Amino acid sequence: MASEAETAGRRTRVGILGAGFISDFHIRALKPLAGVQLAAVCDVDLARAQELGRKWGIPDTFERIDDLTASGVDVVHVLVPPALHAQAAIACLRGGCHVLVEKPMATTVAECREMEAAAARYGRKLAVNHNLTFDPAFLRLVSEVRDRRLGALEHVTTCINVPLRQLTAGQHDHWMFRSPGNIILEQGPHPLSQIQYLMGAVGRVQAMATGEVTLRSGSRFYDTWQISLECERGTAQCFLSFGRDQMESSLYAVGQDGTVWVDLRRNVVLFSGKTRFLDPIDKAHHALSQARSQASQGLRNLSGYACGFLKIRPPSDSFTLGFSAGIRAFYDSLHRGLPLPEGMGQGRSVIETCELIVAQSGVHQAAQEVMHAPAQ
């Protein structure tokens with residue numbers, strides 16, 4: 001891999017490690033970026049790597065990480081299963097590449113520390129794809145907080161209902177079902193990274209897991225998690241449920257001078273604050289302003305969807321926008337010397353919280369299944 005000085009003035013060569021479902025989203029986000037070249041795909045299943053390469057016009061394909069890093073790529077996106085994140089990321093760092101690892105950063109805090117040590121040892125950057133911290137509705141909330149429109153932020157509540165196609169379809173061999181706490185590592189980083197962004201590091205955790213079921217594999221699974229968090233700058237609550245028909249993702253922030261409700265799925269943000277009016281007039285004003293705001297945002301979202309569907313402009317759904325913004329911020333940090341958007345510290349802190357949640361819930365976490373990385 002070339003040194004940073006040698007890469008100045010030329011396009012950054014990017015390798016994709018892992019040709020599974022999430023790789024398409026990373027590639028779509030990379031395609032429009034100036035100064036970036038998709039150079040290679042690597043997967044232990046070479047045929048799958050070749051198929052992805054043909055689909056996106058990526059020239060080189062490999063089945064060994066060492067061959068990928070020796071091919072001259074500058075950055076590797078680590079998209080292998082979570083149990084392999086640490087091993088794969090360290091191999092890429094050792095090969096001289098910067099690394100963007102898909103969430104979760106790793107499956108244990110110890111693995112996160114090994115990754116941090118490797119990044120320092122080899123002088124490379126390592127970041128985590130906490131894409132929901134770049135969700136457009138979430139960023140509008142962040143703007144409200146920074147402008148002090150809410151006053152001092154005191155509490156955040158998140159609510160996540162995830163249908164989980166694999167759960168209802170009986171595909172229970174997926175990594176997130178192999179041990180009861182894996183679902184928190186798989187799905188928890190989304191709301192936890194947002195809570196951490198707003199409220200600071202988590203210090204104390206109380207958690208309860210309910211809705212125990214036995215899967216076809218024989219593993220236990222808990223479909224409902226209720227979590228209370230004491231954070232650096234306030235408190236938070238997180239409700240997670242899985243296997244429901246209705247997809248829901250929302251966040252409610254409480255400040256001294258106002259509140260904000262964020263519908264992440266529908267890309268709608270509604271502010272409620274103090275007014276100068278008497279109480280009856282205040283209630284009417286609040287209802288009308290909320291209705292106008294929600295209608296305006298809904299129509300804007302519909303227009304964006306229609307333009308994307310008709311290919312008048314690029315897709316503008318909130319997931320695509322947030323995913324692309326997070327990856328763009330990572331490359332801005334490389335090309336312009338900016339701080340990493342979601343670096344090693346943020347990634348490790350989220351995993352620390354996940355470990356606390358599983359421990360405090362009383363759910364027994366089975367030993368991680370040993371999995372083999374692509375041949376070195």
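Helices (H or I, at least four residues) and strands (E, at least two) are DSSP runs, numbered from the N terminus. I'm working on a predicted model, where local features need pLDDT of at least 70, side-chain atom pairs count only at pLDDT 80 or more, and totals for chains, interfaces and linings use all residues. Residues are numbered from 1 along each chain as its sequence is written, and side-chain values use heavy atoms, with hydrogens and water left out.

**Entry: pockets**

I ran a 1 Å grid over the protein atoms alone: a pocket is an open set of points with protein on both sides within 12 Å along at least five of seven lines, a cavity is a set where a 1.4 Å probe fits but cannot get out, and lining residues have an atom within 4 Å of a point. Points are joined across faces, edges and corners, and a volume is the space filled by probe spheres set on them.

The largest pocket holds about 1700 Å³. I find 49 residues in its lining, with F21, I22, K103, Q166 and E186 nearest the centre. Which helix gives the largest share of this lining? It's α12, with four residues. I sorted the lining by class (Ala, Val, Leu, Ile, Met, Phe, Trp, Tyr, Cys and Pro nonpolar; Asp, Glu, Lys and Arg charged; the others, Gly among them, polar). That gives 25 nonpolar, 13 polar and 11 charged residues for the largest pocket.

The second largest pocket has about 400 Å³ and 14 lining residues, of which R28, P314, P315, T320 and S324 lie nearest its centre. Here α12 again has the largest share, seven residues, and α2 (23–30) also supplies at least two. I count 10 nonpolar, two polar and two charged residues in the lining of this second largest pocket.

**Entry: cavity**

Searching the whole structure for cavities of 30 Å³ or more, I get one. L100, V128, N129, H130, F134, G326, I327, F330, P341 and E342 line the cavity. The elements giving two or more residues to that lining are β6 (126–129) and α12 (318–336), and α12 has the largest share with three.

**Entry: helix α12**

After α12 comes G337, with a positive phi near 70 degrees.

**Entry: rings**

My pair rule: ring centres of Phe, Tyr and Trp (its six-membered ring) within 6.5 Å, with planes under 30 degrees apart stacked, over 60 edge-to-face and the rest tilted. I get nine aromatic pairs by it. Y222 and W225 sit edge-to-face, 6.4 Å centre to centre and 75 degrees between the planes. Y222 is buried because its relative accessibility is 9%, and W225 is buried at 0%.

The rings of F319 and F323 are 5.4 Å apart at their centres with planes at 40 degrees, so I call them tilted. Both lie in α12, four residues apart, about one turn. F319 is partly exposed at 36%, whereas F323 is buried at 3%. Ring pairs link F319 and F323 with F21 and F25 into a cluster.

Notes. Buried means under 20% relative accessible area, exposed over 50%, partly exposed in between (1.4 Å probe, protein chains only).
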